[in-house]
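Trainee: I have this model open and would like to go through it with you. Can we start with the terms, then move to the fold?
Mentor: Fine, here it is.
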Amino acid sequence: RTLWLIVPAAGQGRRMGADRPKQYLTLGEQPILAHTLARLYQAFPEAVLVLCLDSDDAWFQPEWVPFARWQRVSGGEERMDSVLNALVAIAAQEDDIVMVHDVARPCITPDDLHTLYQAACRHPSGALLAMPVADTMKRASAECHSMRTEPRDGLWHALTPQGFRYALLLEALQSARCHQRLVTDEASAVEALGEQPLLVSGRRDNLKVTHPDDLALASAILVAQLD
Ligand code: C5P
């Protein structure tokens, strides 16, 4: 059975306020995109990579792709459109596992990748890496006043990767698009079909590089993980 790794990398990363999309900012010697692909390859050298890139992307260099089998697809308006473009472009079997991983999460470890893959294979509704919420959660008014405290029991942060059978994920994202429902991860689309993907507790250092401060943090995490 083929494992497909879809990496949405067509975002602009505007919250970063940099001169280029955030996946091309450098951590150590390499751009974030190269770190992320290297981690995925370390865990799954036989997988097929599907990389979603903006059609106007002027930064991408194919030498950053370590995979023997890979294809490039055009990104869409939103992250879910990029992932759907990838699903439509590949010649996958219904039962193949598709794992989607944000390019902006370069600190993903091979251990977490393997754990999630096993869970996605075992669980028909799929699985996602996630982290139980540690802080007290506040519901804010538009003026940023704390209106109440939400119980944090049973609340998790959704991370990536998220893994599903090909046919289920395709149906879920097509249905989300058809109903014009904007989803920010794959699991939301699958939940809307009445499925309950498995939450798999992942490492806390699987950071999504989003704000300028995150660069130094991600660099430190990458160095610490090598020790
Ligand atoms: O901006 P944010 O960090 O939420 O984006 C999550 C991921 O989705 C990133 O890897 C980004 O490159 C990707 N993305 C995409 N196509 C878009 C928007 C975001 O592939 N239209």
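Mentor: One term before the rest: two strands pair if DSSP finds at least two bridges between them. Also keep in mind that this is a predicted model.
Trainee: Which residue stands opposite A158 in β10, then?
Mentor: A130 stands opposite A158. The strands there are β7, residues 127-132, and β10, which run antiparallel and are joined by five bridges.
Trainee: Step back a bit. How many helices and strands are there?
Mentor: The protein has six helices and eleven strands. Its radius of gyration is 17 Å, close to the 17 Å the globule rule gives for 227 residues, so the protein is as compact as a globular protein of that length.
Trainee: What box do the C-alpha atoms fill?
Mentor: Roughly 50 × 40 × 35 Å, along the principal axes.
Trainee: And how much of it is buried?
Mentor: 39% of the 227 residues count as buried. As for contacts with a separation of 6 or more, 69% are between residues 24 or more positions apart.
Trainee: Back to strands. What is the order in the open sheet?
Mentor: Seven strands, in the order β5-β4-β1-β6-β10-β7-β11, with mixed pairing. The edge strands are β5 (70-74) and β11 (198-201), each of which pairs on one side only. On average, neighbouring strands of this sheet are turned by 25 degrees against each other, ignoring direction.
Trainee: Do β1 and β6 pair in the parallel or antiparallel sense?
Mentor: Parallel, over four bridges, with β1 covering residues 3-9 and β6 residues 97-100. To find your way in the viewer, look for W4 opposite V98 in β6 and L5 opposite M99 in β6.
Trainee: What about the pairing of β6 with β10?
Mentor: That one is antiparallel, also over four bridges. I97 stands opposite R165 in β10, and V100 stands opposite Q162 in β10.
Trainee: Why do you call β10 largely enclosed?
Mentor: Because seven of the ten residues of β10, residues 156-165, are buried. Buried takes 20 or more other C-beta atoms within 10 Å of the residue's own.
Trainee: Where is the cis peptide bond?
Mentor: Between T160 and P161, with omega about 10 degrees. P161 lies in strand β10.
Trainee: Why does D54 count as partly exposed?
Mentor: Because D54 has 17 C-beta neighbours inside 10 Å. Exposed would need 12 or fewer, and buried 20 or more.
Trainee: Last topic, backbone angles. Which residue other than glycine has a phi near 65 degrees?
Mentor: C144, and that is a positive value. C144 lies in the loop between β8 (137-140) and β9 (146-150), and with 7 C-beta neighbours inside 10 Å it counts as exposed.
Trainee: And which has a phi near 50 degrees?
Mentor: Q180, which is not a glycine either and also has a positive phi. Q180 is in the loop between α4 (166-178) and α5 (186-191). With 6 C-beta neighbours inside 10 Å, Q180 counts as exposed.
Trainee: Why point these out at all?
Mentor: Because most residues other than glycine have a negative phi, and most peptide bonds are trans.

Definitions and conventions:
Residues are numbered from 1 along each chain as its sequence is written. This is a predicted model: local features need pLDDT of at least 70, side-chain atom pairs count only at pLDDT 80 or more; totals for chains, interfaces and linings use all residues. Helices (H or I, at least four residues) and strands (E, at least two) are DSSP runs, numbered from the N terminus. The radius of gyration is taken over C-alpha atoms; the globule rule is 2.2 Å times the number of residues to the power 0.38. Two residues are in contact if their C-beta atoms, placed from the backbone, lie within 7 Å. Axes are lines fitted to C-alpha atoms, for helices over the stretch in contact, and angles run from 0 to 180 degrees between N-to-C directions.
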